[in-house]
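Let's walk through this model together, starting with its charged side chains and ending with its rings. Have the sequence open beside the structure as you read.

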Amino acid sequence: MTEIMNGKKEYDRSVQRAAKLIIAGDVVAFPTETVYGLGGDAMDPQAVKKIFQVKGRPADNPLIVHICEIAQTGLVALEIPTLAHRLMEAFWPGPFTAVLKKQPGVPHITTGGLDSVAVRMPHSSLARDIIRESGRLVAAPSANLSGRPSPTTAQHVWDDLQGKIPLIVDGGACAVGVESTVCDVRGEVPVILRPGGITAEMIREVAGSVRVHPAVLSETLEQQTPSPGMRYRHYAPRALITLVAGKDSDIADKINQMYFETPEHCVIICMHEHCSRYEGKNYMDLGADQKDAAKNLFTVLRNIDKMGYKAAFFHAVETDELGLALMNRMLRAAGHTITAAGEDCID
Ligand code: TXA
Ligand code: MG
């Protein structure tokens with residue numbers, strides 16, 4: 001049986017109950033500012049094993065260790081370079097995950113056998129209070145079944161994990177809506193392995209420079225991917241997803257043509273400014289700006305299947321700021337293929 005507690009109305013009771021379960025070696029779903037997490041004691045291999053089992057997650061895909069004080073980084077990381085510290089000071093608490101050299105005491109299962117560890121201090125006070133109350137470091141992947149879009153509401157968690165976990169703490173819809181930025185901060189230049197709530201522009205501002213790993217916006221060869229999670233088909237509705245990129249007017253022509261040629265029940269996903277290009281057709285509005293779109297993206301992905309669509313066409317977004325995270329998720333939902341629109345593109 002899965003219990004849902006209202007983390008807003010019953011804040012203290014929710015925190016205590018979630019912490020108790022974590023202390024007992026169990027796993028619980030709780031909100032963070034990015035997406036809901038499925039948390040368990042990061043230093044307890046049995047608890048971590050449960051997380052992998054509940055999600056159906058491949059064992060080589062490491063988890064993020066969640067903390068509630070910057071100083072706790074030293075409990076799992078062997079070395080904290082000055083630059084890493086500057087970035088943590090700038091973005092914590094918040095949607096930034098630092099990849100650092102791992103302490104030998106961190107269980108292998110938690111880091112998927114890697115010699116690095118990913119650490120994050122969430123902005124959500126509910127999340128941080130659960131971590132603090134448990135007195136544990138909390139390993140927490142997104143609280144979805146592996147391969148499904150990440151959950152941004154308690155209902156999404158319920159849809160995927162009901163009956164499999166004892167507790168979901170409901171904190172309402174997540175404010176950011178895409179996951180944290182996973183950033184390798186071991187070297188001289190920070191490398192973004194997974195774009196997220198903290199943008200490349202924000203990191204450059206603090207660090208002076210930043211690199212975006214090529215796997216973020218292109219098809220990934222397994223060996224080239226430093227962030228194991230990027231290898232897997234992810235965020236993927238059952239419907240066939242086609243991501244169309246190019247000039248906006250060319251994209252619209254291409255999508256309108258493909259929509260017309262598709263016999264199945266299909267839908268178009270686009271930013272608000274482009275909705276008028278698809279009048280009279282089924283479309284879903286991602287939002288008026290990047291922030292809105294980030295907040296809505298995973299609900300939209302889940303609704304494609306819920307509403308029975310068999311195919312969906314994504315109108316590509318710009319890749320600046322939060323757009324990089326949006327395109328990364330869209331690309332992965334589309335199985336890493338981009339359909340080019342426009343005369344000068346061969347497709
Ligand atoms: O916003 C978030 O990060 C959410 C909330 C719950 O905090 N968590 C989350 O966890 O998205 P998860 O497990 O769904 O995604 C973690 C990503 C995966 O792509 C994983 O491969 C990568 O971080 N990762 C974890 N440890 C790593 C490491 N040591 N080196 C490289 N990548 C790592
Ligand atoms: Mg995930």
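Are Asp-160 and Arg-302 buried or exposed? Asp-160 is buried, and Arg-302 is buried too; buried here means under 20% relative accessible area, exposed means over 50%, and partly exposed is in between (1.4 Å probe, protein chains only). Before going further, keep in mind that this is a predicted model, where local features need pLDDT of at least 70, side-chain atom pairs count only at pLDDT 80 or more, and totals for chains, interfaces and linings use all residues. Residues are numbered from 1 along each chain as its sequence is written, chains are lettered from A and ligands numbered from 1 in the order in which they are written, and side-chain values use heavy atoms, with hydrogens and water left out.

Asp-160 and Arg-302 meet through their side chains in a salt bridge, at 3.1 Å from N to O. Asp-160 belongs to helix 6 and Arg-302 to helix 9 (residues 290-306), so the bridge ties together parts that are 142 residues apart in sequence. (A salt bridge is a side-chain nitrogen of Lys or Arg within 4 Å of a carboxyl oxygen of Asp or Glu; helices, H or I with at least four residues, and strands, E with at least two, are DSSP runs numbered from the N terminus.) Asp-160 also has a salt bridge with Arg-148, at 3.2 Å from N to O. Here Asp-160 in helix 6 (residues 154-161) is linked with Arg-148 in the loop between strand 7 (138-139) and helix 6, twelve residues apart.

Across the whole structure, a search finds 13 salt bridges. One of them joins Glu-3 and Arg-17, whose closest N and O atoms are 3.0 Å apart.

Now over to helix 4 (residues 82-91), where Leu-83, Ala-84, Leu-87, Met-88 and Phe-91 are buried. They span an arc of only 135° around the axis, which puts them on the same side of helix 4; the arc is that of the directions from the helix axis to the C-beta atoms. Their cover includes helix 3 (73-76), strand 5 (96-101) and helix 7 (200-207).

Finally, the rings. The structure holds one aromatic pair: Phe-91 and Phe-96, tilted, with 5.4 Å centre to centre and 45° between the planes. (Rings of Phe, Tyr and Trp, its six-membered ring, pair if their centres lie within 6.5 Å; planes under 30 degrees apart count as stacked, over 60 as edge-to-face and the rest as tilted.) Both Phe-91 and Phe-96 are buried.

How values were computed. Contact means heavy atoms within 4.5 Å.
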